[in-house]
Amino acid sequence: MATNDNNNNDGYGAFVNPAYVPSRHASTTSIPGEYRKSLDRDEGTESVKSNGGIIKIEATPPKGGIEGSGSDLNGNNHPTPNDSIEFTKAPQRDSWSNDIEFLMSCIALSVGLGNVWRFPFTALDNGGGAFVIPYIIVLFLVGKPVYYMEMLLGQFSSRGCVKVFDFAPIMRGVGYGQVFATGIVTTYYATLMAITLRFFMDSFYPTLPWSYCREEWGATCFDSKPPTEDYVANMTMSDGAKTSSAEFYFINVILRQKDTIDDGIGYPSWSLALTLAFSWLVIALITIKGVKSSGKASYFLALFPYCIMAVLLVRSLTLPGAFNGVLYFLKPQWDKLLDPKVWYAAVTQVFFSLAICFGNIIMYASFNRFGHNIKRDCNIITTLDTFTSMLSGIIIFGILGNLAHESGTTDIKSVVQGGPGLAFISYPDAIAKFKFVPQIFSVLFFLMLFVLGIGSNVGMASCCMTVIKDRFTNAKNWIIVLGISIALYACGLLYITPGGQYVLNLLDFYGASFVALVLAIFELIAVGWIYGVKRLCKDIYFMLGIKTSWYYRICWSIVTPAVMTAILLYTLVEYKPLEYNGYTYQSGVYIFGWCLSAFGIGQLLFWGIYGVHKRNGASLWERIVNSFKPKSNWGPLDPFILKNYKKYLDDMRVDEMFRPNGFWYRVYDNIFG
């Protein structure tokens, strides 16, 4: 039956005539994973090479073909529905200049601040070297499968993180919710860049400004500069009242932090407002031409931090006492392996370090050429992410081992502080204790942090920009970039007020972390069981020409959703009212936080209802059922490849016509079929 709704056909029967079944052995049936196209301009045809020869497809359909009644492209004489797919012209979409740009951009996105300051001390608090074991296990059960899955979805469909859910329109709210969470992370991530830039500029002073105490800080402050004879006494005082000058500097000078926010959050710092503006200027310049410009910048953003890491690694390992620090970092505490908190920390570290389930990976992969070997890239990126985390741990604990040696103590944990201010308290404090030109190491360290942060921030900002660009295809890219940069800069001013860290802590949990965790589970269910692992594996074979191993099939369908669900349940069971440095928010703030979570997760319900409304069906139940099926235009963006994809699916359906249809068989078939 003809219809005017372009979204009301499932992914199987939109183009191919259901009455027509092509031969599985015909030369006109395309060969999965082996498409090499060349446009014959003289003949006006598209050549698709396959094992059976060269198929000629008309670049411009003849009259009476798709546009009119008569015959379809299969040669069947019947009227064509109004909503049939047109194969005349591929939609315009940006693409990477080469495959290396995609790889470098993903490295710059995934390898960020979490690897440098979060991983080493997460490992320290959760068993040292023993933490690496659950981390590696979780990497293989959650990190790699989800990373590969999101790459596949983006590259196969050439759609951003919202439109990619055309494979199950009722789940489109997952994409919008992830964009919401990503937008919140982007706003406060940029303020971390602003603080990093402020420390970078302060590093050029003849004496590091956080290395000594001011008179107004009182007797409770001790200098962070190279240790003196009374340093050990200051660090081990029984009253525990001593605070380093680095901490005083960060809290009182940089943040101007308040003890509470009961009377408001205050006004932004003018110096941080300038560094925040510069950070957004850099992001805007990198993304001004989309992936054409960000791809070029990715070489520097991905590789430069490793140059600095190499310098810091050599220096840290040549310091006296460094070996003891590295040994302390790598020494396993085996009893920690039975603690569920360690496994929870491993999952969250992998989840947020790789930036999975935030829409960023799908967005980057959507600009790939069809057929690019993303399985190789996935292995490179996930391995490099783990390597960088371990490398950062060795560098940092080599420095801490030297500090313990200089302080005359064997308790390395006593010379460092964890928590959210780690990068701006413990690291500056450690750098200030360098006896030989600490400014050099300070400049290198904070420059490295800034570049790492910009690389991740570019990816997150690009995700938001791509969603808008996909919705308003005629809008100029620079207008979108400028609009988002100004809007997110204005939001970022909240975090550089005296109460900004309280706001950051609140929005990070309720608006980003919790929302992303819940939506990640729905994304895995949507791909693994609504779209189906079997269908996804068919798509992989069509696109890459490779068969999917049982490892990925089992992870996508069972293991990864189960692990993420367990983490969500653990989060809810162990939930305690959010605090910041011992401060408990007012009850109205918690209500606001849960409303924020409800808004992000509620995108599922809103867009689910919209998806049902837009589908065709004689009854409400039929519309609901149809909203779980792919749209008629779901598949590769290129119209010629899409045409052959439809044939490929129809060919696969022949083999399924006489298979059992029981529940358990369908479950088995979805995983291993």
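In this predicted model, residues 24 or more positions apart supply 80% of the protein's contacts with a separation of 6 or more. The secondary structure amounts to 22 helices and 7 strands. Of the 673 residues in the protein, 56% are buried.

Now for the inside. The largest nonpolar core takes in 177 residues, and Met151 and Trp556 are the ones with the most contacts within it. Helix H16 (residues 500–544) puts in the largest share of this core, at 23 residues. There is also a second, separate core, made up of 10 residues, among them Ile261, Tyr502, Leu578 and Tyr590. Back at methionine 151, and setting aside its neighbours within four places in sequence, the residues in contact with it are Phe102, Cys106, Ile361, Ala365, Ile374, Asp377, Cys378 and Ile381.

Helix H15 (residues 477–492) makes a handy case for a geometry check. At 1.5 Å a residue, its 16 residues should span 22 Å, and the end C-alpha atoms do sit 22 Å apart, so expectation and model agree. Buried along H15 are Ile480, Val481, Ile484, Ser485, Leu488 and Gly492. Looking down the axis of H15, these buried residues fall within an arc of 125°, and therefore they line one face of the helix. What they pack against is helix H4 (172–202), helix H7 (270–287) and helix H14 (438–471).

Then there are the aromatics. A search of the whole structure turns up 52 aromatic pairs. One of them joins tyrosine 502 and tyrosine 580 in an edge-to-face arrangement, 4.8 Å centre to centre with 65° between the planes. This pair ties together distant parts of the chain, since tyrosine 502 belongs to helix H16 and tyrosine 580 to strand E6 (residues 579–580), 78 residues apart. Both tyrosine 502 and tyrosine 580 are buried. Tyrosine 585 and tyrosine 590 make another edge-to-face pair, with 5.9 Å centre to centre and 85° between the planes. Here too, tyrosine 585 and tyrosine 590 are each buried. Tyr502 and Tyr590 both turned up above, as members of the second core.

Note on methods
Residues are numbered from 1 along each chain as its sequence is written. This is a predicted model: local features need pLDDT of at least 70, side-chain atom pairs count only at pLDDT 80 or more; totals for chains, interfaces and linings use all residues. Side-chain values use heavy atoms; hydrogens and water are left out. A nonpolar core is a set of buried Ala, Val, Leu, Ile, Met, Phe, Trp, Tyr and Cys residues joined through side-chain atoms within 4.5 Å. Buried means under 20% relative accessible area, exposed over 50%, partly exposed in between (1.4 Å probe, protein chains only). Helices (H or I, at least four residues) and strands (E, at least two) are DSSP runs, numbered from the N terminus. Contact means heavy atoms within 4.5 Å. The expected span of a helix is 1.5 Å times one less than its number of residues. The arc is that of the directions from the helix axis to the C-beta atoms. Rings of Phe, Tyr and Trp (its six-membered ring) pair if their centres lie within 6.5 Å; planes under 30 degrees apart count as stacked, over 60 as edge-to-face and the rest as tilted.
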